[in-house]
Structure formats: structure tokens, C-alpha cells
Amino acid sequence: MDWKKIKAEAKEKIDGKLWDVWKPALIVGFISVIISYIGMAIFGEESAAASIFELVFSLLLVPAEVGYISYMLKFIRGQEYGIEELKAFYSKITVLIVMNILIFIFVFLGTLALIIPGIILAFGYTMVFYIFVDNQELGAKEYLDKS
């Protein structure tokens, strides 16, 4: 496909549905910002406790982010989609958090070895959550291997 055809197809899909595209992103972003401000208000701006608070709650927000991916994939594929996708993956929170932690560990270790392997691993794991949305029967490490 050429660029013009891709652009025309995207415009056709979004036509009249721009709010449908932005709504879930704004909701997840708003929750993330609120959590950050709550952590800073309770523990102070530069404290370790605020950082830990943000880390824990950002991990708890991962299923909503995966729900956003699912929402957008359904939107693009022309399937039935709704804002309830943002909470649909909380039943799989354990595997999502384990995947997130494994990605962090592998990218961190790759970056420690040399910077380039860390960058390569980071790019290599970009599709993990997309694979998860389409196939939810695998274990955490299997998603990373597929990506």
C-alpha cells in the first residue's frame, strides 16, 4: 500500500468518530496524572515514597492501558468497541504485571551490557501487549518470545 492510500483509509475510519478515538486515551491519561499528583501531595514531590506510590499505581494501570490497545484495535478492525474495554483486562492483571516487570528487567540488563542491546530489546518488546490482546492463553514469557 502506498502512503496516500493508507492516509485515505485512516481518514475514512476516523470520519465523524474523532471523539471515539480520543476518549479512552484521555481517560487513561487523566487517571495517570491524578495518581501522580496524589502521590506528590501525600509524600512530597521528590520523595522515594512518592516514586514507589507512582510505580505501584502505574502497574495497576497497565490493564487499562492494554484495554486501550484492545479498544483501538477493535475500532480499527471495525468490530464492536466500547469504553468498557478499559476495564476488561483487570482479570488478567497478574500476567500483565509480570510481563511489564520482565520487559523492564530484560531491557535494563540489555542496557547495562551495552546501550544498543537495550534499545534493540525495547523495540523488540513493543508488540507484546498487542499480541496479548489477540491471544490471551499464553504465559508471560511466551508473549515476550513472540514479540
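Modeller: E85 is buried, because its relative accessibility of 9% lies under the 20% limit for that class. The model is a predicted one, and in it the side chain of E85 meets that of K74 in a salt bridge, with 2.8 Å from N to O. K74 has a relative accessibility of 24% and therefore counts as partly exposed. The two residues come from distant parts of the chain, 11 residues apart: K74 belongs to helix 4 (residues 62-77), whereas E85 sits in the loop between helix 4 and helix 5 (93-113).

Helix 4 also contributes R77, which forms a salt bridge with D134. The closest N and O atoms of R77 and D134 are 2.8 Å apart. This pair, too, links distant parts of the chain, since D134 lies in helix 7 (residues 128-134), 57 residues away from R77. With a relative accessibility of 43%, R77 is classed as partly exposed.

A further salt bridge joins K141 and D145, whose closest N and O atoms are 2.7 Å apart. Both residues belong to helix 8 (residues 140-146), and because they are four residues apart there, about one helical turn separates them. D145 is exposed, its relative accessible area being 53%, which places it over the 50% limit. K141, at 41% relative accessibility, counts as partly exposed. In total, the count of salt bridges comes to three.

Two packed helices are described by the angle between their axes and the distance between the axes. The crossing of the two helices is right-handed. On the side of helix 2, the contact is made by I35, S36, I38, G39 and F43. Helix 3 supplies A49, A50, F53, E54 and F57. Sorted by class, the residues of this contact are seven nonpolar, two polar and one charged.

Note on methods
Residues are numbered from 1 along each chain as its sequence is written. This is a predicted model: local features need pLDDT of at least 70, side-chain atom pairs count only at pLDDT 80 or more; totals for chains, interfaces and linings use all residues. Side-chain values use heavy atoms; hydrogens and water are left out. A crossing is left-handed if the near helix is turned anticlockwise from the far one by less than a right angle, and right-handed if clockwise. Contact means heavy atoms within 4.5 Å. Ala, Val, Leu, Ile, Met, Phe, Trp, Tyr, Cys and Pro count as nonpolar, Asp, Glu, Lys and Arg as charged, and the others, Gly among them, as polar. A salt bridge is a side-chain nitrogen of Lys or Arg within 4 Å of a carboxyl oxygen of Asp or Glu. Buried means under 20% relative accessible area, exposed over 50%, partly exposed in between (1.4 Å probe, protein chains only).
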